[in-house]
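Work through the exercises below with the sequence and the model side by side. Try each task before you read its solution.

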Amino acid sequence: MKTIAFIGGGNMAGALIHGLVEDGTDPGRILVAEPDATRREQLAVRFGVRTTEDNTAAAQEAEILVLAVKPQVLPQVAKALAPALAQNQPLCISIAAGIRHAALQAWLGEGVPLVRAMPNTPAMLQSGATGLYAPPPLDEAQREAAEHVLRAVGVVIWVEEESLMDAVTAVSGSGPAYFFLFMEAMEQAAIELGLPAETARLLVRQTALGATRMALESELDLPTLRLGVTSPGGTTERAIHAFEEGGLRRLVHRALEAARDRSQELSRELERS
Ligand SMILES: NC(=O)c1ccc[n+]([C@@H]2O[C@H](COP(=O)([O-])OP(=O)(O)OC[C@H]3O[C@@H](n4cnc5c(N)ncnc54)[C@H](OP(=O)(O)O)[C@@H]3O)[C@@H](O)[C@H]2O)c1
């Protein structure tokens, strides 16, 4: 079992550690470098992991090093780690949104194996979806090690080109918010149709869960599943017609394109600063 060190012990690191421990990783093989003493104490008590305030010590011991600080502090943190990484050469995994592989590689040092990952917030419930990217020459064992860490909090998908990480950000990174918005709109409409708020809340959320489970677990594609609920001349058909007439598909396309473009802009802004 490899030693996995985290630089930054915040929300996303906490989710990954939770997933790894649930998955059977020995907490004694997890080391977290985090400046906040209270947070260190919480992580040690909750998961039984080892903690330190010394990033370099964590990097020296790590076989896998997860960079889990905010993107704004990553340049400074990464450059300070470079001497330790030059000696130890752990597999580095960055979960920082918007920081491109080449920029991070230059800060960490050219020889260091590096994977870029884009998880999402359902990782907190081990239901995340993570996009991974690494240019060659990452070997199979290193790819498998990166997958192992992120698979602890959900599904992982590799993308072949880094530009696609902006699309991953638009789809799964921001995606939970789109579904929350749709559920909000449904709850509001249900209340306006006369249902008590608590009934609307339960019906909408359970329906979203049920539909998602059907979509994930069924062999049928989405149009077939939709048609299965849509009897000719029935209620669902009327609602679907209203969505299509209102341009729902065009709107979704525009929203995802806007998120993808903003992700590209943010990368440029982070690199300029
Ligand atoms: N949350 C998400 O949905 C999500 C999704 C995808 C990717 N990400 C990425 O995940 C990364 C972490 O996000 P998060 O939401 O977990 O943020 P967070 O909760 O703020 O965690 C960052 C942690 O890093 C610590 N830290 C700050 N400076 C440090 C330093 N010099 N050395 C070591 N640790 C340091 C912070 O401590 P202090 O609080 O004391 O400063 C904090 O505990 C970000 O890069 C973000 O882009 C997050």
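Residues are numbered from 1 along each chain as its sequence is written. The model is predicted: local features need pLDDT of at least 70, side-chain atom pairs count only at pLDDT 80 or more, and totals for chains, interfaces and linings use all residues.

**Exercise 1. Find the domains and describe where they touch.**

Step 1. Take the bounds from the domain assignment, which is automatic or from a database. Domain 1 spans 4–168 and domain 2 spans 175–265.

Step 2. Look for contacts (C-beta atoms, placed from the backbone, within 7 Å). Six residues of domain 1 meet five residues of domain 2.

Step 3. Sort the domain 1 side by class. Ala, Val, Leu, Ile, Met, Phe, Trp, Tyr, Cys and Pro count as nonpolar, Asp, Glu, Lys and Arg as charged, and the others, Gly among them, as polar. The side of domain 1 that touches domain 2 has two nonpolar, three polar and one charged.

**Exercise 2. Describe the residues around the ligand.**

Step 1. The ligand is surrounded by 27 residues. Gly 8, Gly 10, Met 12, Ala 96 and Ala 97 are the closest.

Step 2. Helices are DSSP runs (H or I, at least four residues), numbered from the N terminus. Helix H1 (residues 11–22) gives the largest share of the shell, three residues.

Step 3. Count by class. The shell holds 15 nonpolar, eight polar and four charged residues.

**Exercise 3. Work out how H4 packs on H5.**

Step 1. Helix H4 (residues 74–88) and helix H5 (residues 101–108) pack at about 50°, with axes 7 Å apart.

Step 2. Classify the angle. Under 35 degrees is roughly parallel, over 145 roughly antiparallel, 65 to 115 roughly perpendicular, and the rest oblique. H4 and H5 are therefore oblique.

Step 3. List the contact. H4 brings Pro 75, Ala 78, Lys 79, Leu 81, Ala 82 and Leu 85, and H5 brings Leu 104, Trp 107 and Leu 108. By class, these are eight nonpolar, no polar and one charged.

**Exercise 4. Classify the pair H7 and H12.**

Step 1. Helix H7 (residues 164–173) and helix H12 (residues 248–272) pack at about 130°, with axes 8 Å apart.

Step 2. H7 and H12 are therefore oblique to each other.

Conventions
Axes are lines fitted to C-alpha atoms, for helices over the stretch in contact, and angles run from 0 to 180 degrees between N-to-C directions. Helices (H or I, at least four residues) and strands (E, at least two) are DSSP runs, numbered from the N terminus. Two residues are in contact if their C-beta atoms, placed from the backbone, lie within 7 Å. A residue is near a molecule or strand if its C-beta atom, placed from the backbone, lies within 6 Å of it.
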